Amino acid sequence: MKVIEIVPAILVKTVDELNQRLKEVEPYVKRIHIDIMDDIFVPNKTIQPEDMSDFKTKLMKEVHLMVEDNEKYVDKFLKLGFDMIIVHAESCKDIPRIIKKVKDRGKKVALSINPPTPLSAIKNYLDDLDMVLIMSVNPGFSGQSFDPSVLQKIRELKSMKKDLDIEVDGGIKVGNARLVVEAGANIVVSCSGIYNFEDKKKAIEALRKNVILT
Ligand code: DX5
Ligand code: ZN
């Protein structure tokens with residue numbers, strides 16, 4: 001059984017907010033999820049890679065690219081030294097090319113799908129991926145409600161490839177965190193489920209406790 005990881009998501013517009021949010025969780029987790037939006041693939045714009053040259057952390061850093069021009073953003077985040085690059089199957093024009101580009105740099109690569117997108121969009125790539133990110137909200141904003149219909153998708157994905165890392169992102173709180181892990185996910189992303197609480201350490205511990213299956 002894989003260790004279940006709780007990963008804070010940071011969705012911000014400025015580098016000051018980014019550093020502030022990072023500082024608040026850095027002592028309590030191993031990995032951080034940075035949300036990047038271009039106002040084209042999703043109707044919102046976040047901090048851009050050009051603003052992040054001073055961004056440093058000892059945590060494993062993954063970037064969740066919710067953008068139309070994947071090639072451009074992948075290059076920039078590889079340059080910034082990100083450990084894992086997540087691209088959306090819906091916007092990626094040449095998935096094998098992106099997978100190869102990231103792997104050639106010795107980094108990890110993942111594909112993500114939105115709630116309406118079927119597993120058929122990614123099934124041919126499962127053997128080449130380090131992870132799949134199942135979105136449990138339509139991406140764009142934090143603080144949206146978890147879509148329980150993705151639980152079945154997680155179960156199916158798990159049955160297609162037992163040892164695949166499955167991450168879930170969107171509306172995760174104490175309660176549904178357990179449901180996604182029961183369905184087969186082993187990496188759980190949360191923004192408002194952590195940052196809406198005064199005590200971030202306690203919020204992370206509560207999520208961790210919630211995903212212990214006995
Ligand atoms: C959604 C982003 C998520 C988001 C999660 O577009 O990809 O990572 O920040 O926020 P919560 O956990 O509040 O739904
Ligand atoms: Zn995300």
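How many bridges join strand 6 to strand 7, and do they run parallel or antiparallel? I looked this up first. Four bridges join strand 6 (residues 131-135) to strand 7, and the two run parallel. Strands here are DSSP runs of E of at least two residues, helices are runs of H or I of at least four, and both are numbered from the N terminus. Two strands count as paired if DSSP finds at least two bridges between them.

Notes on the model: it is predicted, local features need pLDDT of at least 70, side-chain atom pairs count only at pLDDT 80 or more, and totals for chains, interfaces and linings use all residues. Residues are numbered from 1 along each chain as written, chains are lettered from A and ligands numbered from 1 in the order written, and side-chain values use heavy atoms, with hydrogens and water left out.

Strand 7. I found E167 of this strand as the bridge partner of L133. On the other pairing, strand 7 meets strand 8 (residues 187-190) in the parallel sense over three bridges, and D169 has V189 as its bridge partner.

I then checked the faces of strand 7 (residues 166-169). I166 and V168 lie on one side, E167 and D169 on the other, and all are buried (under 20% relative accessible area, with a 1.4 Å probe and protein chains only). In a regular strand the side chains alternate between the two faces of the sheet.

I traced strand 6, helix 4 (residues 150-160) and strand 7 as a right-handed β-α-β unit. Strand 7, helix 5 (residues 176-183) and strand 8 make a right-handed unit too. Right-handed means that, with the strands pointing away from the viewer, the path over the helix runs clockwise.

Barrel. I followed the eight strands around a closed barrel in the order 1-2-3-4-5-6-7-8, with parallel pairing.

Ligand 1. I listed 19 residues around ligand 1, the closest being D35, G140, D169, G171 and S192 (a heavy atom within 4 Å). I looked up polar contacts, which are pairs of N or O atoms within 3.5 Å. Oxygen atoms of ligand 1 lie 2.7 Å from a backbone N or O atom of G171, 2.8 Å from a polar backbone atom of G140 and 3.1 Å from a side-chain N or O atom of H64.

How values were computed
Buried means under 20% relative accessible area, exposed over 50%, partly exposed in between (1.4 Å probe, protein chains only). A polar contact is a pair of N or O atoms within 3.5 Å; within protein, one must be able to donate a hydrogen and the other to accept it, and residues adjacent in sequence count only if both atoms are side-chain atoms.
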